[in-house]
2 protein chains.
Amino acid sequence: MHIFIAKSSGFCFGVKRAINLATECSKESNEAIYTLGPIIHNPQVVKRLEDSSHIYAKKTVDEIKAGTVIIRSHGVRLEELNAAREKGLNIVDATCPFVKKAQELVTLLAREGYAVIIAGEKDHPEVQGLLSYGIGAVKIRVASHPDELKDMPRKKKIGIVAQTTLHAEKLQDIVCFCLGKAAEIKVFNTICNATSIRQEESALLAKKVDRMIVAGGRNSANTRRLFEICRAIQPMTCNIEEAKELDSDWFEGAESVGITSGASTPDWIIDSVVKRIKEIESLNKKQGGRADAV
Amino acid sequence: MHIFIAKSSGFCFGVKRAINLATECSKESNEAIYTLGPIIHNPQVVKRLEDSSHIYAKKTVDEIKAGTVIIRSHGVRLEELNAAREKGLNIVDATCPFVKKAQELVTLLAREGYAVIIAGEKDHPEVQGLLSYGIGAVKIRVASHPDELKDMPRKKKIGIVAQTTLHAEKLQDIVCFCLGKAAEIKVFNTICNATSIRQEESALLAKKVDRMIVAGGRNSANTRRLFEICRAIQPMTCNIEEAKELDSDWFEGAESVGITSGASTPDWIIDSVVKRIKEIESLNKKQGGRADAV
């Protein structure tokens, strides 16, 4: 079986940076180390950090008494950051620099008097964080589709910032809708380039293989979107978190398999997926051999 | 025959203002009065101003020695305006206030360091005027379709202003394209509301009639666009400048006719179109009567 791995799979820049900061931190510190929410959206990596580096994910600052708190790659709400500061916790900011930039731009737009719209999913932690940075804004809205803005009255000027992992078309739809809602629109296209490159590469790969595997956390929005994109091209696409989820029957008749992954999927998970496919293949061959002999 | 006239037909605000300024001017002044280019895009109105108010359209300031010069509704290039000033001509600015606003916004965007794009038709006099207001901008581009921007390199920030009579969808296409070309986009939606209302109303009217008449100058971009919109809905659509162009054969079998007009078409042209339709109808009836009698 031919195995193809998307060139852009594995940790993105922001995730790599966050994990490096966390592991550095655990080497240097004797204190307890926590993250506010999972540091990245991959349960296996979070568990590994817990087991090997004693870094524990906590939901709120209230749950942390003292020590070091790492701000996760998606960022946190400003109130949480301030609460950690007031408590005197040692703060290590692992917010992805692209997310950080988007946070600053939300503040800037609010300060410049724009009615701010965040193009993104309202329940995503990055978006929840972004919302909190609209300091002084009367009202900030979140929308992943123009329908969510239907009740918005006409504005003098609208400022738009995007969730870094948003699909470009969704931002376009929202911007087009807003063109009819204000005379002035300022858009910061904060969609991370790495996300769109990964999506394009994965789509191309999905076109040429018989089976497509999207490795990544089920709580990861960018993994979910990759899965949707690939499945629309190759119906035989699956989303797994770990190699052991792969079933030999699923590969029946396949001559090629493509592997891509979300931005928070480590290389060792991709390696284990490759290993598992090879095991399945060799097992299938042996069983095929026995069947012939019978 | 039922005759329906689009509610929004006739002079738009800017055209009405320009014609009023010109006629006021001719009443008050004993000097020669000129316009730089036709004051509006309607040859019949331009001729009437010439005949009754002795206001003559000239192509350039060079052709004017002294007297009053009226700046047409679409505006002129800044160089022309400055040349008229330097010559000591008495300037009456009849530029549509919406076009004036767009000119100011081009200057503002250029001053703020945006790579300026004018969404519009590059040969239209309004666009030619707008281009001249990008003072200090390294390069200003004009595009009515993203294809015209294909060779544009990536920019830090792009500022977009629209020709006031542009179709909203064209602006959307250009904005969407630019979202992939810069991290920051500032759009001033300078499309005049009256244009889109007129287009929508005309489209609705074209749906319910057997014949559709678009009255307006053949040199008028907004008339041409109205004609295209109506013809796509009702193939029996014609564009006329004057009532006498209407032919009785064209109405054969029709039970209803809709009339709309470009923003520079005066009410008296619409009135004469209605009169002509009634004449044709009564003529057809008489001929029908005679035919029956034979």
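In the predicted model, Lys186(B) and Glu184(A) form a salt bridge in which the closest N and O atoms are 3.9 Å apart. This pair crosses between chains, running from strand β9 of chain B, where Lys186(B) lies, to strand β9 of chain A, which holds Glu184(A). Both partners, Lys186(B) and Glu184(A), are buried. With a salt bridge taken to require a nitrogen-to-oxygen separation within 4 Å, the value of 3.9 Å for Lys186(B) and Glu184(A) meets the criterion.

The search of the whole structure gives 26 salt bridges over all chains. In general, side chains of opposite charge can pair when their charged atoms come close. In chain B, the side chains of Glu121(B) and Arg225(B) meet in a salt bridge at 2.8 Å, taken from N to O. The two residues belong to distant parts of the chain, 104 residues apart, with Glu121(B) in the loop between β6 and α5 (125–132) and Arg225(B) in helix α8 (residues 221–233) of chain B. Glu121(B) has a relative accessibility of 24% and counts as partly exposed, whereas Arg225(B), at 8% relative accessibility, counts as buried.

The relation between the two chains was then examined. Two copies of a chain are, in general, related by a rotation about an axis and a shift along it. Chain A is superposed on chain B by a rotation of 180° with 0.1 Å of shift along the axis, and the RMSD is 0.0 Å. This is the relation of a two-fold axis. Within chain A, the C-alpha nearest the axis belongs to Lys186(A), at 2.2 Å from it. Of the interface residues of chain A, 100% are also interface residues in chain B, so the copies meet through the same surface.

The largest nonpolar core has 36 residues, and those with the most contacts inside it are Ile160(A), Leu171(A), Ile185(A), Ile160(B), Leu171(B) and Ile185(B). At least two residues of this core are supplied by each of β6 (115–119), β8 (155–162), α6 (168–179) and β9 (182–188) of chain A, and by each of β6 (115–119), β8 (155–162), α6 (168–179) and β9 (182–188) of chain B. When neighbours within four places in sequence are left aside, Ile160(A) is in contact with residues including Leu109(A), Ile117(A), Ala119(A), Leu171(A), Ile174(A), Val175(A) and Ile185(A). Lys186(A) is also among the contacts of Ile160(A).

Aromatic pairing was considered next, and four aromatic pairs are counted over all chains. In one of them, the ring centres of Phe13(A) and Phe98(A) are 5.7 Å apart and the ring planes lie at 50°, so the pair is tilted. This pair links distant parts of the chain, since Phe13(A) is in helix α1 (residues 13–28) and Phe98(A) is in helix α4 (residues 97–111) of chain A, 85 residues apart. Phe13(A) is partly exposed, with a relative accessible area of 49%, and Phe98(A) is partly exposed at 41%. The rings of Trp250(A) and Phe251(A), by contrast, have centres 5.2 Å apart and planes at 85°, so this pair is edge-to-face. Phe251(A) counts as buried, at 3% relative accessibility.

Charged side chains are also placed over aromatic rings. The charged end of Lys208(A) sits over the ring of Phe4(A), 4.2 Å from the ring centre, and Lys157(B) lies over the face of Tyr114(B), at 4.4 Å from the ring centre.

With regard to the backbone, most residues other than glycine have a negative phi. His54(A), although not a glycine, has a positive phi of about 55°, and is found in the loop between α2 (43–53) and β3 (55–58) of chain A. Its relative accessible area of 48% makes His54(A) partly exposed. In chain B, His54(B) has a positive phi of about 55° and is placed in the loop between α2 (43–53) and β3 (55–58) of that chain.

Technical notes
Residues numbered from 1 in each chain as written. Chains lettered and ligands numbered in written order. Predicted model: local features only at pLDDT ≥ 70, side-chain atom pairs only at ≥ 80, totals over all residues. Heavy atoms only, no water. Phe/Tyr/Trp six-rings, centres within 6.5 Å; stacked < 30°, edge-to-face > 60°. Helix = DSSP H or I, 4+ residues; strand = E, 2+ residues; numbered from the N terminus. Buried < 20%, exposed > 50% of the residue type's maximum accessible area, 1.4 Å probe, protein only. Lys NZ or Arg CZ within 6 Å of the ring centre and 35° of its normal. Core = buried A, V, L, I, M, F, W, Y, C linked by side-chain atoms within 4.5 Å. Contact = heavy atoms within 4.5 Å. Least-squares fit on C-alpha atoms with pLDDT ≥ 70 in both.
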